[in-house]
Amino acid sequence: MDRIIHPGGKISGVVEVPGDKSITHRALIFGSLCEGEVLIENLSTADDCAATIDCLKALGVEMTSSGTNLIIKGKGLMGLQEPKDILDARNSGTTIRLLAGLAAGQPFYTILTGDDSLKSRPMKRVIDPLRQMGAVILARKGDTLAPITISGRKLNSIDLTLPVASAQVKTAILIASLYSSETSTILELIPTRDHSERMLRYLGAELTVSGSTISLRPSSLRAKPIFVPGDISSAMFFIVAGLLLPESHLEIRNIGLNRTRMGALDVLAEMGADIEILERGIRNDEPFGDINVRSTQLKGIRIERDLIPSLIDEIPVLALAATQAEGKTVISGAEELRVKESDRLHGVASQLNKMGADITEVPDGLHINGNTALRGATVESFGDHRLEMTMAIAGLIARGETTIKDANAAKVSFPEFYEILKQTGCAVDET
Ligand code: S3P
């Protein structure tokens, strides 16, 4: 389906976005390993999380859902069953990498695969450390690409320096470490999102963090309720729309405010954005609150390597914000974006340039000249949810209509995106 975005006035009102995708994946997987029943509240509606649910059901986990609440009958660490068929992670990097860590410690055989995009994304980063722990793993193209076959077993502990700044790799190894003989340690050279550490500790795991080193002693997990705050990465599309569309005022409620995910808010604040953050509480060690946004003239900024993991998923929409800022924005140390659901550096530069932006792609980032008036165009999403939603927000601030070809990917992380856009006063048609 193509979508036509009509440029439009202001965006206003109160917005609630669905539960955080990263926290939901962890709640589903860790919940399945608890002893007893786990209630998850405000589950993400993302297709990626549905992939994790289906894989866990194939591993013998029973779940019942009611709206966005879900009850998992935890199986304990050793209660999973060998799946009868290949597990399909679809488009979800988090699903395949976290489940690779889980499968490595099981006394059975598992095959993990995904869609064409996922089958082209790097898997060696999880395969190598899991092999070091004693798992027997094979994969396509010299053991680098899915499908991945895993013959699980009791694992050895590991002392690992993370080869890439990736929370998915860190979490895969943390899960495998629950199945090892002794304490494992993971050293992070650049901090990445720490939802796994918080949730494991909340569920009773013996996990400590000292400086940049995480230590986990194999421990059982106790069933406790888990609340999932709203997804800050989904909220960011509305935050940027609120900043760029004149006379806008948006209030976005119940959003996760974990520091390791707030890089984009920090960067926007430095760009001069009129954003107010009201922390409302902490549940299962995850802070959450409300965000108020008013239209602002932004200024250009430098975004460097150390900050990238804290805003990795927000770079496409931040690049759009930079096209409207005064002066130049330079994003560097962001080559990881080339191995996401699509090559996001190329995707965002090529499609925004079609609309009149002035973005130069460099191997590890983008150079963006600001204050460029965008005009409507026909653009591609490359089947990538975050590029598609970025192009929709670009369409709102452009002069003339924008058509996004094959715009069916938003549901991967944010199925309600277009509906909420319409509720806040924006005009979108489907053809
Ligand atoms: C995620 C971590 C990030 C992020 C992805 C979700 C997670 O990936 O891009 O959308 O839930 O751990 P990497 O850790 O591979 O950078």
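**Close-up views of the ligand site and backbone details**

View A. A polar side-chain atom of Lys340 is placed 2.7 Å from an oxygen atom of the ligand. The model shown is predicted. For Asp313, the distance from a polar side-chain atom to a ligand oxygen atom is likewise given as 2.7 Å. Ser166 brings a polar side-chain atom to 3.0 Å from an oxygen atom of the ligand. On its own the ligand has 380 Å² of accessible area, and the protein covers 96% of this area.

View B. The ligand takes up the space of the largest cavity. Two elements each give two or more residues to the shell around the ligand, namely helix 1 (21-32) and helix 6 (167-177). Helix 1 supplies the largest share of this shell, with three residues.

**View C. Composition of the ligand shell.** The residues around the ligand are Lys21, Ser22, Arg26, Thr94, Ser166, Ala167, Gln168, Arg193, Ile312, Asp313 and Lys340. By residue class, the shell consists of five charged, four polar and two nonpolar residues.

**View D. Two domains at the ligand.** Domain 1 (3-19 + 229-430) and domain 2 (21-221) each contribute at least three residues to the shell around the ligand. Among the residues around the ligand are Ile312 and Asp313, together with Arg193 and Thr94.

View E. The peptide bond that runs from Ala146 to Pro147 is cis, and its omega is near 0 degrees. Pro147 belongs to strand 9, which spans residues 145-151.

View F. Lys141, a residue other than glycine, has a positive phi, with a value near 50 degrees. Lys141 is located in helix 5, formed by residues 140-143.

Conventions:
Residues numbered from 1 in each chain as written. Predicted model: local features only at pLDDT ≥ 70, side-chain atom pairs only at ≥ 80, totals over all residues. Heavy atoms only, no water. Near = heavy atom within 4 Å. Polar contact = N/O pair within 3.5 Å; in protein donor to acceptor, adjacent residues only side chain to side chain. Areas by Shrake-Rupley, 256 points an atom, 1.4 Å probe, with all protein chains shown as cover. 1 Å grid on protein atoms, 1.4 Å probe; cavity = no way out; pocket = protein on both sides within 12 Å on 5 of 7 lines; lining within 4 Å. Sits in = over half its atoms within 2 Å of the grid points. Helix = DSSP H or I, 4+ residues; strand = E, 2+ residues; numbered from the N terminus. Nonpolar A, V, L, I, M, F, W, Y, C, P; charged D, E, K, R; others polar. Domains from an automatic or database assignment.
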